[in-house]
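Good morning, and please have the sequence and the structure open while I talk.

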Amino acid sequence: MTVESRVNKPESSLPEQNRRITDGPDDGVKRLRHAFLHHLFYTQGKFPALATKTDYYLALAYAVRDRLLQRWISTANEYTKQGSRTVAYLSAEFLMGPHLGNNLINLGLFDDARKAMSELGLNLDELLYQEEEPGLGNGGLGRLAACFIDSLATLEIPAIGYGIRYEFGIFHQTLVDGWQVEKTDKWLRNGNPWELARPEWAAEVKLGGHTEQRWDDKGALHVRWIPNRTVNGIPYDTPILGYRNNTANTLRLWKAEAPEAFDFAQFNSGDYQGAVNQKIVSENLSKVLYPNDEHVEGKELRLAQQYFFVSCSLQDMLRILKSQKIGIDRFHEKFTAQLNDTHPAIAVAELMRLLTDENGLPWVQAWEITRKTFGYTNHTLLPEALERWPLELFKRVLPRHLEIIFEINARFLEDVRRRYFGDDARVARMSLIDESGERYVRMAHLACVGSHAINGVAALHSELLKQDVLKDFFEFSPEKFSNKTNGVTPRRWIVLANPMLTRLVSSSIGDGWIKHLEQLRQLEPLADDVEFRKGWREIKLANKRDLADVIRKRCGVAVDPSSMFDVQVKRIHEYKRQHLSALHIIALYHRMKSNPNLDVVPRTFIFGGKAAPGYRMAKLIIRLITAIGEVVNRDPAVRDRLRVVFLPNFSVTNGQRIYPAADLSEQISTAGKEASGTGNMKFAMNGALTIGTMDGANIEIREQVGAENFFLFGLTAEEVGSLKAGGYRPADWVDRNPELKEVLNLIRHGFFSRGDGDLFKPLIDSLVHHDPYCLFADFQSYSEAHQTVGDAWRNPDAWARMSILNSARSGLFSSDRTISEYCNQIWKVEPVKVALLSQDDVRAEFMA
């Protein structure tokens with residue numbers, strides 16, 4: 001029966017809210033169908049003749065949200081009643097991905113929704129792809145935060161995710177003549193059915209201005225901050241549902257608004273632009289993720305943006321404390337706050353300001369509360385990524401916080417001087433203020449000093465933090481440091497992304513693995529089962545066909561699903577070495593052209609990822625990849641065996657199609673540069689084999705899946721250090737490798753740029769004269785590893801066995817395991833069971 005024929009049924013227009021909310025499971029297909037039709041009429045205001053697919057998606061989304069709300073309200077009620085200790089996860093990014101499919105899975109309604117839509121003549125898959133992906137993150141940092149809040153809810157841990165409601169996200173990536181072009185990401189253009197605005201909980205944020213000091217009659221100093229402008233932060237709440245339980249935690253994102261959005265007097269005087277200027281300036285704080293900071297204005301906006309969401313969030317925690325009648329001296333008992341990298345590090349100074357200036361706590365007590373509240377997760381080994389702000393800029397934006405940081409620093413350095421008497425060099429290194437040239441505030445140092453726990457995100461990364469990046473802080477407070485290897489949620493990255501594999505696995509070992517990923521180990525014996533391997537290969541081929549169809553539609557390139565899908569999708573950066581893969585492709589192409597009869601395994605190289613708008617070298621790497629594709633894909637001599645594709649606008653949505661279809665996962669960063677990586681985990685879970693260096697979580701993946709099921713190449717972190725210490729001369733490596741020299745000459749002579757030898761000159765010159773990430777040193781090893789990959793691919797049965805074992809042994813990399821470690825070792829927080837409220841329960845509260 002179609003939508004049109006259903007709309008005339010009287011039952012279909014019965015308001016859903018008039019039906020009693022029960023304590024039992026969802027009533028299934030019929031109730032969901034009725035709710036869908038209700039929202040199509042009463043929320044969207046459409047009937048089938050006028051409705052679009054977006055209307056149908058929104059109607060279904062609101063129907064599903066109704067089912068979330070009972071859990072959400074019940075969860076909030078339970079946390080409030082118990083005064084539960086709560087995790088506050090502070091992150092500049094939350095790369096959530098589309099909500100509808102994930103919520104259907106967590107509610108156990110996916111099959112019901114498919115059937116309900118089918119009965120109305122609609123295709124659920126088409127509706128799922130109508131959802132605009134929330135533009136709230138860029139890469140691994142934001143996706144990790146999203147996985148973590150999924151796991152927190154699944155493990156029934158009280159938690160709030162705090163971030164920014166970016167109106168336009170980072171950007172929508174398109175390719176024009178092979179170059180990345182950034183366009184506005186209008187993810188909110190059709191509204192967001194999953195969020196609820198909470199203007200009654202708005203927070204006021206001060207910026208700029210100056211401070212005034214006074215001493216009271218007891219000799220205590222009081223500081224008053226006189227800002228030159230204020231901004232209101234409006235919270236928008238999204239429920240984050242646990243898997244098959246009653247817990248629905250909150251993602252609270254802040255939107256910036258002007259206290260007075262419209263100046264009537266200026267408008268009447270004819271100054272129409274001035275009348276709305278305050279609105280424009282204020283709302284810029286939550287317009288775009290990571291505004292370009294090549295200029296001073298961009299730097300100021302970034303700092304103000306980070307402070308904005310941190311201040312709003314800490315004020316919100318104080319509001320919650322007050323509402324639950326918990327004393328401010330117990331702030332650290334109620335909340336444990338995790339700083340997801342250095343972006344929220346200003347929270348240390350802001351909490352001190354709120355406790356001392358706003359609430360009158362003495363400094364020593366406030367500092368004790370602050371240090372017990374915060375934990376700091378470091379996500380980078382790159383010195384340039386450890387944020388620091390010019391002192392004068394910092395003072396213009398946050399004058400009071402600079403004073404607080406000076407005081408923190410003075411007290412901290414007193415301890416350092418006592419511990420390391422006479423070691424002035426160490427004092428200078430550990431200072432929160434970099435005095436070596438232009439003075440800077442070191443945000444990672446502030447996070448280290450103001451936190452009771454510091455962790456890395458992979459075993460190697462955590463060791464390198466202790467040995468290098470944060471060595472002084474480790475030696476000063478070794479008890480603070482630990483490792484928490486990252487993980488990803490199997491609900492999105494297997495169950496939702498790879499439903500055919502999910503059905504095969506669950507039919508073989510049950511579905512307990514969805515919450516206990518270590519149960520995938522039960523698949524190991526099936527790797528030797530002929531029929532299971534056959535089913536595994538068929539699923540992989542079907543996923544590859546789906547991806548090939550996407551590539552054909554979006555890129556205009558036909559790829560062979562039976563070829564090896566060799567995939568590298570991640571943020572574009574020199575240390576991630578997408579250009580190493582590009583050099584190898586050129587070498588492979590050169591071999592095939594030089595020897596037309598060369599026996600080469602057919603390969604499709606698939607790239608994806610965004611370059612930061614101001615990162616010119618990363619954009620040039622994208623252009624090199626697309627240029628190689630333009631040549632290779634048009635060459636009749638090789639195009640049946642070699643294809644190169646750059647799939648634009650890599651996102652969670654695209655990732656859900658790419659990870660299940662990959663045969664080979666490229667994890668080729670320079671050893672010692674990648675903190676962890678999470679894409680490597682998603683690939684392994686879905687049965688892709690890895691070619692990679694001993695970097696980040698690659699090391700632990702190799703340990704888990706077995707060295708024989710991992711294609712290792714390249715220098716180790718120690719060898720990279722030794723090479724550079726001995727005076728690395730990349731040109732010498734070119735001279736010793738004739739094939740590499742031929743590859744560079746092809747690029748230099750314009751073979752991939754229509755004769756323009758200057759196009760890629762900056763990239764080639766950087767490699768030949770500097771090669772900061774040791775591409776040339778690893779090139780031969782990488783090439784040989786790919787030869788081993790090709791040999792393995794020739795035996796489909798053996799490859800399938802390796803693929804199964806990669807998936808079976810990926811249980812360690814569930815974000816559920818990671819979050820359990822945080823809860824037990826850093827946050828000291830316990831699960832809280834949620835009992836569902838019924839309408840009768842709510843009515844009884846009103847009567848009481």
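Aspartate 771 lies in the loop between helix H32 and helix H33, which covers residues 775-793. Helices here are DSSP runs of H or I of at least four residues, strands are DSSP runs of E of at least two, and both are numbered from the N terminus. This is a predicted model, where local features need pLDDT of at least 70, side-chain atom pairs count only at pLDDT 80 or more, and totals for chains, interfaces and linings use all residues. Residues are numbered from 1 along each chain as its sequence is written, and side-chain values use heavy atoms, with hydrogens and water left out.

Phi of aspartate 771 is near 40°, a positive value in a residue other than glycine. Most residues other than glycine have a negative phi. Is aspartate 771 buried or exposed? Aspartate 771 has 0% relative accessibility and counts as buried. Buried means under 20% relative accessible area, exposed means over 50%, and partly exposed is in between, using a 1.4 Å probe and protein chains only.

Arginine 754 also is not a glycine, and has a positive phi of about 55°. Its place is in the loop between helix H31 (738-748) and helix H32 (761-769). Arginine 754 is exposed, at a relative accessible area of 77%.

Next, a sheet. Six strands form an open sheet in the order E20-E19-E18-E21-E22-E23, with parallel pairing. Two strands pair if DSSP finds at least two bridges between them. Which strands stand at the edges? They are E20 and strand E23 (710-712); each has a single partner strand, so one side of each is left without a neighbour in the sheet. From one strand to the next, the twist averages 20°. For angles, axes are lines fitted to C-alpha atoms, for helices over the stretch in contact, and the angles run from 0 to 180 degrees between N-to-C directions.

Take strand E20, residues 642-646. Of its 5 residues, 5 are buried, so the strand is largely enclosed by the rest of the structure. Leu642, Val644 and Phe646 point one way from E20, while Arg643 and Val645 point the other way. In a regular strand the side chains alternate between the two faces of the sheet.

Strand E19 (residues 603-608) runs parallel to E20, and 5 bridges join the two. To get from E19 to E20 the chain passes through helix H25 (residues 616-632), and this β-α-β crossover is right-handed. Right-handed means that, with the strands pointing away from the viewer, the path from the first strand over the helix to the second runs clockwise. Within this pair, isoleucine 606 stands opposite valine 645 in E20.

Elsewhere in the sheet, strand E21 (residues 664-667) and strand E22 (residues 689-692) run parallel and are joined by 4 bridges. Leucine 664 stands opposite leucine 689 in E22. Helix H34 lies across strand E18 (564-569), E21, E22 and E23, and runs at about 85° to E22. Contact here means heavy atoms within 4.5 Å. Alanine 798 counts as partly exposed, at 30% relative accessibility.

There is also an open sheet of 3 strands, in the order E13-E15-E14, with antiparallel pairing. Its edge strands are E13 (388-390) and E14 (433-434), each pairing on one side only. E14 pairs with strand E15 (residues 440-442) over 2 bridges, and aspartate 434 stands opposite tyrosine 440 in E15.

Now two places in helices. Threonine 154 lies in helix H7 (residues 140-154) and is buried, with a relative accessible area of 3%. Leaving out residues up to four places away in sequence, threonine 154 touches Gly242, Tyr243, Asn245, Arg491, Lys515 and Asp816.

In helix H19 (residues 459-469), the buried residues include Leu460, His461 and Ser462. Among the elements that cover the buried residues of H19 are strand E16 (453-456) and helix H28 (698-705).

That is the last place on my list.
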